[in-house]
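Me: I want to know what stands behind each label in this model. Walk me through the terms and hold each value against its cut-off.

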Amino acid sequence: DPAPITNREESAAVPSVTVNATRRNASLQSVPVAVSVLDGDALTQANRTSIDTIVQEVPSVTFRQQGGNKDTTIFVRGIGTISTSPGVEPTVSTVIDGVVYARPGQATLDLLDIEHIEILRGPQGTLFGKNASSGVLNVIGRKSSQETSGFVDAAYYEGNEKRVRAGVSGAIQPGVVAASVTGLYADFNGNVDNVHAGGGKLNGYDRKGVRARVDITPTKDLDIALIADYLRSNSSPTFTAYKSTAAAFNAGIAPVVAGPENRQVNADIPADIRDKNKGLSAQVDYRFNGYTLTSITAVRDWDNTQYTSTSAIGNAAEAARITAAFPATRDIGTVEFSQASQELRLASPKGDFAEYVVGGF
């Protein structure tokens, strides 16, 4: 028998996408704001699991990093915050599972168990914790599955780069309590040789992290999500001399020779950046008479230590790292940041003549 003909209207239908851009679940087509949605599974398959790689999927969003994690900036439509101060709050807000990340450097962590990501362009008022004058990256995590499942994703790349992700999810009490745990490990030796004595490889990294989530549904009108995450990363970012016609500079980087194919540096004190991100959050959603009351309580810690140089020169001839013509500069910075947040929201019933969301942060 011939295969049945697919209905043209059905085949042309746009899949329904539910977003939280207005702080209530609604169809993407019905939300009156400029928003782009990235599917979590598609991002994972494309190996885009950190903010700096995820934003490459959206033309209007760019990511800029100066030296280390604490000096990062996300731009939406070319607007963002340029600052090397870790005390400055970003104009592009990053919100992960309802928790506002108050510092730009916190958004450099790898993301685990992504359901989808919403990128909202333009000012967002106070819907996302506080004013976000340039836009919002709203990351929605995946809920724990009632069905027992697990996965292992391993990859090996040129240069001895390794990445492993693994997770398990399932019901603890069927229909009431489900939990999931996901972990990651990744390392890369680096692709730049430090010719200084005992220098080794630079421009590499290693990352380890874990995320655990427990979803509790004691009644049909009450949802509770408990989330804990921890990520540790070390990296040694560096730069190479591309072109130079100055004899003093060439002497300072010797025996390295500047050029387009140069993959060597002569650094006596190479860059070293160490970063720890961890947090706990609890979200409670209670529904009554068509209303939804939401509470999000969270605490987070971010510790960052970075040693970077703007001109890593080790002069072998003079046994010194500073030349008179090209003095090397050194940045030693530490950040110990803690935040605690509480958000309460009340969303009106859907379908009324006027719909509203009211709350406090």
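Reply: Start with accessibility: a residue is buried under 20% relative accessible area, exposed over 50%, and partly exposed in between (1.4 Å probe, protein chains only). The model is predicted, so local features need pLDDT of at least 70 and side-chain atom pairs pLDDT 80 or more, while totals for chains, interfaces and linings use all residues. Residues are numbered from 1 along each chain as its sequence is written, and side-chain values use heavy atoms, without hydrogens or water.

Me: What does Glu-57 touch, leaving out residues up to four places away in sequence?

Reply: It touches Leu-38, Leu-43 and Arg-48. Contact means heavy atoms within 4.5 Å. Glu-57 and Leu-38 are 19 residues apart in sequence, with their C-alpha atoms 8.0 Å apart.

Me: How do you know that Thr-294 is buried?

Reply: Thr-294 has 5% relative accessibility, which is under the cut-off, so it counts as buried. The residue sits in strand β19.

Me: What makes Thr-294 and Asp-285 a polar contact?

Reply: Their side chains come to 2.6 Å. A polar contact is a pair of N or O atoms within 3.5 Å; within protein, one must be able to donate a hydrogen and the other to accept it, and residues adjacent in sequence count only if both atoms are side-chain atoms. The 2.6 Å lies within that limit, so the label applies. Beyond four places in sequence, Thr-294 touches residues including Val-284, Asp-285 and Leu-344.

Me: Why does Asp-113 count as buried?

Reply: Its 16% relative accessibility is under the cut-off, so it counts as buried. Asp-113 is in the loop between β7 and β8. Its side chain makes a polar contact with that of Thr-182, at 2.6 Å. Its contacts beyond four places in sequence include Gly-141, Ser-180 and Arg-211.

Me: Is Arg-300 buried or exposed?

Reply: Buried: the value is 5%, which is under the cut-off. Arg-300 belongs to strand β19. Its side chain makes a polar contact with the side chain of Tyr-101, at 3.2 Å. Arg-300 and Gln-106 are 194 residues apart in sequence, yet 9.6 Å apart in space, C-alpha to C-alpha.

Me: How many aromatic pairs does a search of the whole structure find?

Reply: It finds 3.

Me: Why is the pair of Phe-188 and Tyr-205 called tilted?

Reply: Rings of Phe, Tyr and Trp (its six-membered ring) pair if their centres lie within 6.5 Å; planes under 30 degrees apart are stacked, over 60 edge-to-face, and the rest tilted. Here the centres are 6.1 Å apart and the planes stand at 50 degrees, so the pair is tilted. It links distant parts of the chain: Phe-188 is in strand β12 (177-188) and Tyr-205 in strand β15 (205-219), 17 residues apart. Phe-188 is buried at 14%, and Tyr-205 is buried at 15%.

Me: What makes Tyr-286 and Phe-288 stacked?

Reply: Their centres are 5.5 Å apart, with 25 degrees between the planes. Tyr-286 is partly exposed at 40%, and Phe-288 is partly exposed at 31%. Together with Tyr-291 they form one aromatic cluster.

Me: How do you know that the charged end of Arg-207 sits over the ring of Tyr-205?

Reply: The test needs NZ of Lys or CZ of Arg within 6 Å of the ring centre and within 35 degrees of the ring normal. The charged end of Arg-207 is 4.2 Å from the centre of the Tyr-205 ring.

Me: What makes a group of residues a nonpolar core?

Reply: They must be buried Ala, Val, Leu, Ile, Met, Phe, Trp, Tyr or Cys residues joined through side-chain atoms within 4.5 Å. The largest one here has 22 residues, and Leu-111 and Ile-117 have the most contacts inside it. Its largest share, 3 residues, comes from β8. A second, separate core has 6 residues, among them Val-95 and Phe-128.

Technical notes
Helices (H or I, at least four residues) and strands (E, at least two) are DSSP runs, numbered from the N terminus.
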